[in-house]
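Could you look over the following notes on this model before we discuss it?

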Amino acid sequence: MATAAPTRVPARRDRGAALHDGFLRHARFRWLKIALLLCLACIASYLLIDVTPHHNGGSWYGYTLGTIGALLILWLTLLGVRKRAMTAGRWSLKAWTSAHVYLGLSLIVVATLHTGFQLGWNVHTLAYALMLLVIASGIVGIIFYAALPAALSNNRAEMTQGQMLDAIRAIDRQLHDAAQPLPHDQAALVRLSLDDDPFGGGIVARLSGNYPRCGTARAQAALRRWTGDRPDTGNDPLERIDALLERKRAMLARLRRHLKLKALLEIWLYVHVPATFALLAALTAHIVSVFFYW
């Protein structure tokens with residue numbers, strides 16, 4: 001007796017989540033292993049090499065680790081340039097991003113050992129602190145890319161941002177037509193929704209997802225005060241408008257969740273990129289001052 005072949009369910013993974021998973025696991029964690037070897041080599045040499053009177057950034061060993069750290073920082077900043085060239089193979093964008101993440105984390109060990117744990121209120125410590133800020137913001141970016149793409153995909157329900165806007169415009173056209181027979185004061189409530197900017201509210205509203213001045217919500221609340229004590233006749237234009245406003249609020253909520261998740265995916269870059277440029281400036285001052293006094 002023949003048996004039916006099992007139904008094959010295609011694996012559907014969000015593109016952002018797949019990319020995140022891909023660059024972290026690239027080549028069976030090749031760059032994680034390389035970064036760990038680099039850290040272990042630095043720690044072992046730090047413990048085994050005797051520096052008189054003690055380890056510090058100005059010793060020959062400190063200069064060696066400092067040179068490695070500075071070259072790593074300069075190379076890591078090239079990722080933004082690398083993103084503009086799409087190639088495959090060993091130095092694909094995925095491989096480069098994987099190296100960027102793991103070698104960037106290894107800087108915590110390399111740079112800390114470079115200082116010999118000798119820190120003070122100077123440009124050298126400023127460069128070190130900025131490096132830690134850049135790394136911390138990068139870690140936040142990785143966490144966001146691990147958690148948010150799946151939520152972004154689920155919220156869209158296979159609709160693009162443009163399609164969500166088109167759906168809102170279609171509801172607005174229906175609202176406009178339905179408001180034609182209404183008296184002026186009731187039609188003004190519908191206009192409150194039609195004039196509403198779905199992108200309004202600024203960065204605070206976008207990140208929080210809270211839009212207290214939403215014209216559609218205000219219009220619906222005011223309209224329901226009109227219809228609250230009226231019997232439902234089934235053909236009341238206010239009832240139809242209320243249903244349209246409810247649909248628009250649901251679509252606006254989906255669009256605004258989409259904008260919030262997109263903003264969270266990008267907000268860490270507003271710390272990461274400026275801090276990187278500040279790090280390069282502080283690193284330059286650090287190197288120049290070292291050679292000047294040396």
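1. R256 counts as buried, at 8% relative accessibility, where buried means under 20% relative accessible area, exposed over 50% and partly exposed in between, for a 1.4 Å probe and protein chains only. Its partner in a salt bridge is D196, with the closest N and O atoms 3.6 Å apart; a salt bridge here is a side-chain nitrogen of Lys or Arg within 4 Å of a carboxyl oxygen of Asp or Glu. Because R256 lies in helix α10 (residues 237-267) and D196 in the loop between α7 (184-194) and α8 (202-208), the pair ties together parts that are 60 residues apart in sequence. D196 is buried too, with a relative accessible area of 18%.

2. A word on the source of these values. This is a predicted model, in which local features need pLDDT of at least 70 and side-chain atom pairs count only at pLDDT 80 or more, while totals for chains, interfaces and linings use all residues. Residues are numbered from 1 along each chain as its sequence is written, and side-chain values use heavy atoms, with hydrogens and water left out.

3. A search of the whole structure finds 6 salt bridges. One of them joins R224 to E246, whose closest N and O atoms are 3.2 Å apart. R224 lies in helix α9 (residues 215-227) and E246 in helix α10, so this pair ties together parts that are 22 residues apart in sequence. R224 is partly exposed, with a relative accessible area of 40%, and E246 is likewise partly exposed, at 40%. Salt bridges that share partners join R224, D242 and E246 into one network.

4. R191 forms a salt bridge with D195, and here the closest N and O atoms are 3.6 Å apart. R191 counts as partly exposed at 40% relative accessibility, whereas D195 is exposed, with a relative accessible area of 53%. As background, side chains of opposite charge can pair when their charged atoms come close.

5. What is the overall make-up of the chain in helices and strands? The chain has 11 helices and 0 strands, where helices (H or I, at least four residues) and strands (E, at least two) are DSSP runs numbered from the N terminus. Buried residues make up 38% of the 294 residues in the chain. Of the contacts with a separation of 6 or more, 76% are accounted for by residues 24 or more positions apart, a contact meaning heavy atoms within 4.5 Å. The accessible surface of the chain comes to about 17,800 Å², and 64% of it belongs to carbon and sulfur atoms; these areas come from the Shrake-Rupley method with a 1.4 Å probe, and for residues only the protein chains shown count as cover.

6. In α2, Y61, G62, L65, G66, G69, A70, L72, I73 and L76 are buried. They cover an arc of only 160° around the axis, so they sit on the same side of α2, the arc being that of the directions from the helix axis to the C-beta atoms. The face of α2 turned away from this buried side carries the exposed residues W60 and L71.

7. A search of the whole structure finds 0 disulfides, a disulfide being a pair of cysteine sulfur atoms within 2.5 Å. C39 is buried, with a relative accessible area of 12%, and C214 is buried as well, at 8%.

8. The peptide bond from T52 to P53 is cis, with omega near -5°, and P53 lies in the loop between α1 (15-48) and α2. R28, in helix α1, has a positive phi, near 55°, and is exposed, with a relative accessible area of 71%. F117 also has a positive phi, near 60°; F117 lies in the loop between α4 (93-115) and α5 (123-156) and is exposed, with a relative accessible area of 53%. Most residues other than glycine have a negative phi, and most peptide bonds are trans.
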